[in-house]
Every structure is written in C-alpha cells, then in structure tokens.
Amino acid sequence: MEILRWLNEQLLRMQWLSDLVTWLLGKAGMDTSSRLGGSVHFFIYDTIKIFLLLAVLIFVVSWIQSHFPPERTRRILGGMRGVKANTVGALLGTVTPFCSCSSIPLFIGFTSAGLPLGVTFSFLISSPLVDLASMILLASIFNWTVAIAYVVVGIVLAVAGGTLIGALRMEGQIESFVTRAPAVGVEPQAMSRRERAAYARDQVFEIVRRVWLYVLIGVGIGAAIHNWIPQDVITTLLGQDKWWAVPVAVLVGVPVYADIFGTLPIAEALVGKGVGLGTVLAFMMAVTALSLPSLIMLKRVIKARLLATFFAIVVAGIVVIGLLFNATASFFT
C-alpha cells in the first residue's frame, strides 16, 4: 500500500513537481504562502502537471482509439439492440477523446448509417463526458474513488439517457438531410505499430492545440479562486448545505465551452474552498456534455422537440448525480 500511495503521489499528483516549483519560486524570492506566491505556484504547477498528463494519456487513449475507427464502431453497434446496444455505445464513447462539438459529426454519421437513435445519443452523451484521460486526471486531483465513481455515473447517465430517448421513438425529429445522407462503408485499413504511434502522436498535438487555451484559462480561474476569493463567500453561494448549489452549477456550466481538462483546476479550487463534491462534478458535467456551442450545432441536425428532450434528460440526470454525490460526500473522503 505504501508503494501504491507513493506512486499515486509522485506519478499522478506529481508532488515532486509541486516541491520543485516551490523551491524555484523561493530561489526567485517569492513566498508561496502569500496570496500572490500561492497563485503563481498554483498556475505553474497545475499547468505543467495537466499538460504532462494530457500528453501521455491522449497518446495511450488514441492508440486504443486507432482500433475503433468509425466504420468498425458502426459495425459493432449495428447488430445490437436495446439496453445492450446503448451500453456498448456509451462504452465506445469513452475511447473517443472528443469534446461535445467534435462528437456531433460522428453522431451524424451513425444516424445516417441507420443506427438506433437511442444508441447514437448514448454515444453523444458519453463521448465528451467520460474517457480514460479524464478518469486519471480526476484521480490526480481528488482520488481514485472519486474518479471511478465519476466514470460509472457518466456511463449510467449515457445509457439511461439514450435508452429513454430511444423509448420515446423520436426518429421523426431528425432533420431529413441526415437520414438521406448515404452511409459510405469504407473498409478500415489495418495499421502498423509505427502508423498507430504516428496517429497517437498527431492526436496529442491536435488535442493539445485545441484545448491549451481553455486549460490556461481554467488554471488561471482556479488560481484566483484558490488564493483570492474568501472561502466564506464561496460557501455562502455554493456551500454543500445549499439546496440550490447543484442546479446553479449546472446552469452556470451550460454556457461555458471547454473540455474537462480546462474545468479540472476550477473544480480543484472550488472543492478546496468548501464547495460540495457533487456541485463541482455537476458543473464539470454540464460544461462537457451541454456546452452552448454543441447545442447550437446539434440544433442543425435535430428538431427542437428532440433537442429539448435531450437537454432536459441530461440536465435532470446531472442534477440527480450532483445531489447524490453531495449526500454521500463522506464516502469519498
């Protein structure tokens, strides 16, 4: 156990990096116990830690993803029906490290290929919400219990949401140009190890290029919350004992467009200031699964009633998850 704890602290939490940043700032004459010094330490440490973990994790996830091109994914799902199909759709969504906007083209492709509507929505919910990288990054900030629980409830939400949408039989709510689009069956080509490595490397550069700004903004906001906003102000607004905290967190998260990587530093700072774990996770889920730009893009391919149904189901699910996490917070500490 001691070895595992040491590995978790040094490899995931990167305590060595925190100590190194503290030492370097001390050499530069900056006191990290002060507000300014603490903010600078938080920004440098979290930025480097997140980008280091991102590079390694996206490479690994992309290597796995190279075995599941869209055509193969469509074939896997094509022969399944019911809850089993929704579950597999949600699980396949976890190996696609996409933001909500990037998931929509695949959603269109799956729908035009004739996959059940509920299955495509299970994929659409889980793809931006849950992946290996987010689980390990959550473990690096909180602990493995929180990380695994987040993944489990994210998959459950995707399966339940897709199953409910499928049961409502709203296929008529898909825009006609999507259903008329030809499904081109291209045989996926086998990739060599070198090609998989090149693909994974390219994905690292592509995703980091796409999210670096959000990460820096998120770390900056986290540093400000952590060191400049008094704890009593935050707990008065979003304290664990406030019934409105989770719904407010969801409403605040929807207009924000960012990957989970950009929200993690904010989540870390909010939990440190006494905000309930469920409130923070609800905010993260709303940002990643229900960003305003993705909803605008989705409105182009589905009609208003289906969009409203999808939004209502996911919001209700996130609120319930947030309340459950807050109610059972002692289990995760």
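V119 is placed in helix 7, which spans residues 117-129, in a model that is predicted. With a relative accessibility of 3%, V119 counts as buried, because this value falls under the 20% that sets the limit for buried residues. In sequence, V119 and G161 are separated by 42 residues, whereas in space their C-alpha atoms are 9.5 Å apart.

Considered as a whole, the protein contains 17 helices and 0 strands, helix 7 with V119 being one of these helices. Of the 333 residues in the protein, 50% are buried, and V119 belongs to the buried residues.

On the surface, a nonpolar patch is formed by W16, L20, W23, L24, F43, I44, I48 and L52, which together have about 710 Å² of accessible area. At least two residues of the nonpolar patch are supplied by helix 2 (15-27), and at least two by helix 3 (35-65). One of the patch residues, F43, lies in helix 3 and has a relative accessible area of 32%, so that F43 is classed as partly exposed.

Key. Residues numbered from 1 in each chain as written. Predicted model: local features only at pLDDT ≥ 70, side-chain atom pairs only at ≥ 80, totals over all residues. Heavy atoms only, no water. Patch = residues over 30% accessible without salt bridge, like charges linked within 9 Å, V, L, I, M, F, W, Y side chains within 5 Å. Areas by Shrake-Rupley, 256 points an atom, 1.4 Å probe, with all protein chains shown as cover. Salt bridge = Lys/Arg side-chain N within 4 Å of Asp/Glu carboxyl O. Helix = DSSP H or I, 4+ residues; strand = E, 2+ residues; numbered from the N terminus. Buried < 20%, exposed > 50% of the residue type's maximum accessible area, 1.4 Å probe, protein only.
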